[in-house]
Amino acid sequence: MSDIPAVPEEAEARHQRLAALDRAHVWHPFTQMQTWLEPLPGDEPLIIAHARGSWLFDTRGRKYLDAISSLWVNVHGHRKSEIDSAIKLQLSSVAHSTLLGLGSPPSIELAAQLIQRAPKAEGVPPLNKVFYSDSGSTSVEVALKMAFQHWQLRGKPKKTRFVALAEGYHGDTLGAVSVGGMDLFHQLFQPLLFDCLRIPTPYVYRWPTGPKHCLESAALAAEAIIAGRRDEIAAVVLEPVVQGAAGMIIHPPGYLKRIARACKENGVLLICDEVATGFGRTGTLFACEQEEVVPDFLCLAKGITGGYLPLAATLTTDAVFESFLGPFESKRTFFHGHSYTGNALACAAALASLRIFDDEGTLGHVRQMAERFAEGLRGIAELKHVGDVRQRGLMIGIELVRDRATREEFDYTARIGHKVCIAGRKREVMLRPLGNVVVLMPPLSIAPSEVDLLIDAVRDSIIEVTEQ
Ligand SMILES: *Cc1c(COP(=O)(O)O)cnc(C)c1O
């Protein structure tokens, strides 16, 4: 552990002034504000003043490795010169003009790039159209509404329902919450939500009849619903390969392909939410590629701009697009759009980020760092209170359990994941738990020495909290 440096008086004064204003006026997302206002020792709110590469620096000059990529968005590190320059260059033309009835060079160039790089497979109609919005939640809302309207326009008015994973997460707007299944976040809002058909999460570690049955039973359960209720189902929506917010649950290989096949065979659309998995996180540019699946909708956000600016895109096929074509008076239009849809600065950042993937061989680096993590994680997997370590590319979940043999969970109120994250701060790493799962999703540009530092810090923090 490093010694905590003395904070210069001026910096401390600025920190105190900002902290007081924050407490007075800012309501933080997903945060119990009473705990925020009256923190336990060591848990005092931090204010991040600047950043560089994988590192965040707070107002007191302390540094932290950004192990969750500023909530899963950062890709090439902070203050990446190519992205900084691309935004500045775009600023010299225009910051924003609307896409409602007008075009803009960066949104056009980016659409072409996204289509060129989207998952493809032999004999499957490609994704060919890009609809922009501004967050992961809206990218999912757009897909849900498009899928619904598609069937209305195709003369199948009964196809109105959605199939979703029991523990899915697709964002916090009401449509996205309706297809989400995380009770802690979603239960309360039940009266406001539309009902959907649930399929079990293929959660290998906790599959009721044992891990080796997970793929077959989960796929069969999903196939039965998709085939049995095909006439009512508009689409299946899921996070392919890794369910991030549910605790980095990694699906057994082959699951996505089975679902995609069931959708095709039964005339049901497939919405793949790659808001978390997209842009290299899992080792390929998109997770769908790993099972050679091309969905009818691909939802993208988070890493799309390299973690710089809010932007989202919903990609779809010509078949869906063509359902909406007709004369003006036909009212087949997709009546949806946001003020900042396709923002020019955000699109310029996204284009620069995609260029870096080519110029720096980002995906190759991800695979190398993923291997380095895998080695380091072996030591963590043996700890007394680590039940399961899951990894796909640079998405890692470490599930803490009270008892390894019985897989008994720690009590929710023990906040064990949170305590590990607080212990991490002393070791210069910034973590955020998902319940009892400590998640690691560092910038894809993380350096080998930073991987080692992160592994050591996480291991020591887990030991401090669970064994001492
Ligand atoms: C974060 C996330 C969303 C929501 O994105 P926001 O930009 O926070 O609205 C949707 N789907 C998945 C899979 C996510 O991880």
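**Cavities, a pocket and a sheet**

Tutor: Happy to! Trp72, Val73, Asn74, Val75, Val275, Ala276, Gly278, Phe279, Arg281, Lys302, Gly303 and Leu444 line the largest cavity. This is a predicted model, where local features need pLDDT of at least 70 and side-chain atom pairs count only at pLDDT 80 or more, while totals for chains, interfaces and linings use all residues. Residues are numbered from 1 along each chain as its sequence is written, and side-chain values use heavy atoms, leaving out hydrogens and water.

Student: What volume does the largest cavity have?

Tutor: About 50 Å³. On a 1 Å grid over the protein atoms alone, a cavity is a set of points where a 1.4 Å probe fits but cannot get out; a pocket is an open set with protein on both sides within 12 Å along at least five of seven lines, and lining residues have an atom within 4 Å of a point. Grid points are joined across faces, edges and corners, and a volume is the space filled by probe spheres set on the points.

Student: And how many cavities of 30 Å³ or more are there?

Tutor: Two.

Student: What about the second largest pocket, which residues are closest to its centre?

Tutor: That pocket has a volume of about 600 Å³. Of its 26 lining residues, Val130, Phe131, Met146, Phe321 and Phe334 are the closest to the centre. Two or more lining residues come from each of α5 (105-117), β4 (127-133) and α11 (318-323); helices (H or I, at least four residues) and strands (E, at least two) are DSSP runs, numbered from the N terminus.

Student: Which element gives the largest share?

Tutor: β4, with five residues.

Student: Where does β4 sit in its sheet?

Tutor: The open sheet has seven strands with mixed pairing, in the order β4-β12-β11-β10-β7-β5-β6. β4 and β6 (197-199) are the edge strands, each pairing on one side only. Two strands pair if DSSP finds at least two bridges between them.

Student: How do β11 and β12 pair?

Tutor: In the antiparallel sense, over four bridges. Cys299 has Thr314 of β12 as its bridge partner.

Student: Changing topic: where is confidence lowest in the chain?

Tutor: In helix α8 (residues 183-186), with a mean pLDDT of 77, whereas strand β11 (residues 297-300) is highest at 99. pLDDT is the predictor's confidence in each residue, from 0 to 100. The chain's mean is 96, and 99% of its residues reach 70 or more.
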